[in-house]
Amino acid sequence: MAQQVGEASRADARYDPHEIERRWIARWEESGLYRTDLSAVDRKYYNLMEFPYPSAEGLHVGHAYTYSGADTNGRYKRMQGYNVFQPMGFDAFGIHSENYALKVGINPMTLTQRTVTRYRNEQMGRLGCMWDWSHAVNTSQPDYYRWTQWLFLQMYKAGLAVRKSAPVNWCPKDLTVLANEQVIDGRCERCDSEVVQREMTQWFFRITEYAEHLLSGLDGLDWPEMSKRLQRNWIGKSEGSQLTFDLADGSDRISVFTTRPDTVYGATYVVLAPEHPLVEKVTVASQSVQVEEYRKVTSLKKEIERLSLDKEKTGAFTGGYAVNPATGERVPIWIADYVLLTYGTGAIMAVPGHDERDHEFARKFGLPITQVIEPPAEFAVDIRDEAYTGAGTMVTSGQFDGMPSEEAKRAITEKLQAEGKGEQKVTYRLRDWLISRQRYWGPPIPIVYCPEHGEVPVPEEQLPVLLPEVENFRPTGTGKSPLASVESFYKTECPVCGGPAVRETDVSDTFLDSSWYYLRYPSTEYDDRPFDAERTRNWLPVDSYMGGKEHIVLHHLYSRFVTKVLHDLGHLAFEEPFTRLRLHGMVTKDGAKMSKSRGNVVNPDEFRQQYGADAFRTYLLFMGPYEDDNEFSVSAVQGVARFLGRVYSQVDTREEYGSGPGADMRTLHRTITRVTSELDALRYHTSIAALMEMSNWISSARAQMTQAQLQSALEHLVLMLAPIAPYSAEELWHRLGREYSVHLQAWPVADEAMLAEAMATVVVQVNGRVRERLTLPAGTSEEDVTALARESAKVRPYLDGVQVRKAVWVPDKLLNLVVG
């Protein structure tokens, strides 16, 4: 320990991370070290990471964690001989940037460019990542959002972009609508405000048309199983039956979807969502006041409140009746807030004997409860007290009595289908993607409204529809964008007839910008196409994508949808954007997620300035498994900095050692094997641990090493350190007298012959007489050799019933057990 502390102290004068960083940044940029030759497609490796919002606070520790891991992977692949393309850009449109602009009173068109420059030059540029900035994108620039608007037009022409009135999620703080995926537990995923419901006319992408494609495509992806599971659950495929309940007066019919057609004989009432279009028709005069009051109360509730299983059931009887298609009996029609218009058909058949919510509702309002499935004896229940929701034997179900309920699902559906009262049906929980935003800072939606021709898409040759710079960009809160008050923007001519028309004043969601950025990166030099066909065919899909768990049902899902649509329209040759996805965990502090309110936010700039970028990024990767949440420790950062300082000292003092007779170099080759295996699996923490152990081994063995052995050991240590601590590795490589960049060197390969484990033959004696010879790995401990000796059939008879009074141990040679 004293030796290591001394080494670190001696290295302090030699190790100035900031001077080293400045020098190598300049040299790397001057040489174009990280500019990728995209014409060279042999062994291509497209290494993608999520691009940041250039927000007020600057780069946070989560960004640094993501980028350090992804960059280490890219550098490692490059040293393995891959042609790595690792671009970066800025997700610069959207609420994050606009809210900061509102806070400081500067137009986001001006402010965002400042923050982008700060991110790139002062923060991201110092982190040591090998980004190819020659292919950077900025989603708020016309040369990018022109093609976002082009993407909208492709959707529109394919019938996948539609404008319709629907209940939407409204954030009262951000004053805009949100997609369902942006509402987390009833709150805005950006500002954490409670979300309310509004009925508005908005633009949607019909992602529901691709529900089955999105599901089936997951099977062949190299993604974490958690990601696949969350997307499957979000898409929410349900296989069942759609049944028809005619109104009792025969004037109309109610369609219901159910996954349990086997229970239809037990449907004793029907429930409509309060917003269902048939509510007014089925409500009788005597119930109209009660029904209308209930509808008003429901309209004030958030969706998450309505879906809560814990809340007390409420409802209102319409006075109307429908006919159960299986029994022919009249059943009452109710409305209740636990049924949503946007789920299924907005109506359910209520089976209180076999559904817990329906049972609770029926008991409260005194509605009939009928048992139609007899459970196995061990699961017997009294349905007056609780619903039985499992499988069993059909009862009180006419011709299906005695049939297993699972078989009855199909049989009953086939019977009702033959009678024109039902059919097999597949539904999905997924709803269409709401892309309209009533904000200023986003790409204008390229649609014009003409009195004569109605909704008209802007011709592609007229793109981009430029976002004007305006003085007042504050959200209105009225459901209209600030652009609706900019006459010079919204007044235009119809592309069809040339007559007066008005532009759409909503802008599109920032998730549309990021749904295709990976397609733009390789083709940024082309201004006449969103992505070059040949370049895209050669470099896409993405080989490796690293990002956060929060984007699984947002960005990752949207990108898959957009890619599939562009494939079906003939623009792409592949259907999935990201071949391999890996998720990183969260960096916590004091046992909690970082937040200003908790006072536990880690500022990457502070640690980089104090310890250097290499120490900071190495520590982030050393905290624990990359995919897990990991706790940040200030003292541990200092420990990593000391490790790097020790390696500098070992390099700078190497001439003081290396005059020994020769050392056993197997540790070097075992370390190469171990680090290679760990980096392949993205186990950065154990890779770094192995390098620390190797550094310790060098300190302990260098006096026995020859000069060539010491030079080789240090060079290999630096080579393996290069993907993790790029500035230090480059500096140390040159201090070792090597030319060219360490980042152009090949990844080391272990000598298989050196991996063979040394063996030793240990003679086992009992009272000085040889009883056994054990061939074991050299260095096997006395404890382990003793245990093996006691188990030996040749030794055991001489130890039975006697006590071992003494053991004479000579490592790797002799174990003499003295008994008596």
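This section describes salt bridges in a predicted model.

Side chains of opposite charge can pair when their charged atoms come close. In the predicted structure, 45 salt bridges are counted. One of these joins D543 and K44, whose side chains meet with an N to O distance of 2.7 Å. This pair connects distant parts of the chain, the two residues being 499 residues apart. K44 belongs to strand β1 (residues 44-49), whereas D543 is placed in the loop between α17 (533-539) and β24 (544-548). The relative accessible area of K44 is 18%, and K44 is therefore classed as buried, the cut-off being under 20%.

A salt bridge is also formed by D262 and R260, with 2.9 Å between the closest N and O atoms. Both D262 and R260 are buried.

Within helix α13 (residues 405-418), K409 and E406 lie three residues apart, which corresponds to about one turn of the helix. Their side chains meet in a salt bridge, with an N to O distance of 3.4 Å.

Key: Residues are numbered from 1 along each chain as its sequence is written. This is a predicted model: local features need pLDDT of at least 70, side-chain atom pairs count only at pLDDT 80 or more; totals for chains, interfaces and linings use all residues. Side-chain values use heavy atoms; hydrogens and water are left out. A salt bridge is a side-chain nitrogen of Lys or Arg within 4 Å of a carboxyl oxygen of Asp or Glu. Helices (H or I, at least four residues) and strands (E, at least two) are DSSP runs, numbered from the N terminus. Buried means under 20% relative accessible area, exposed over 50%, partly exposed in between (1.4 Å probe, protein chains only).
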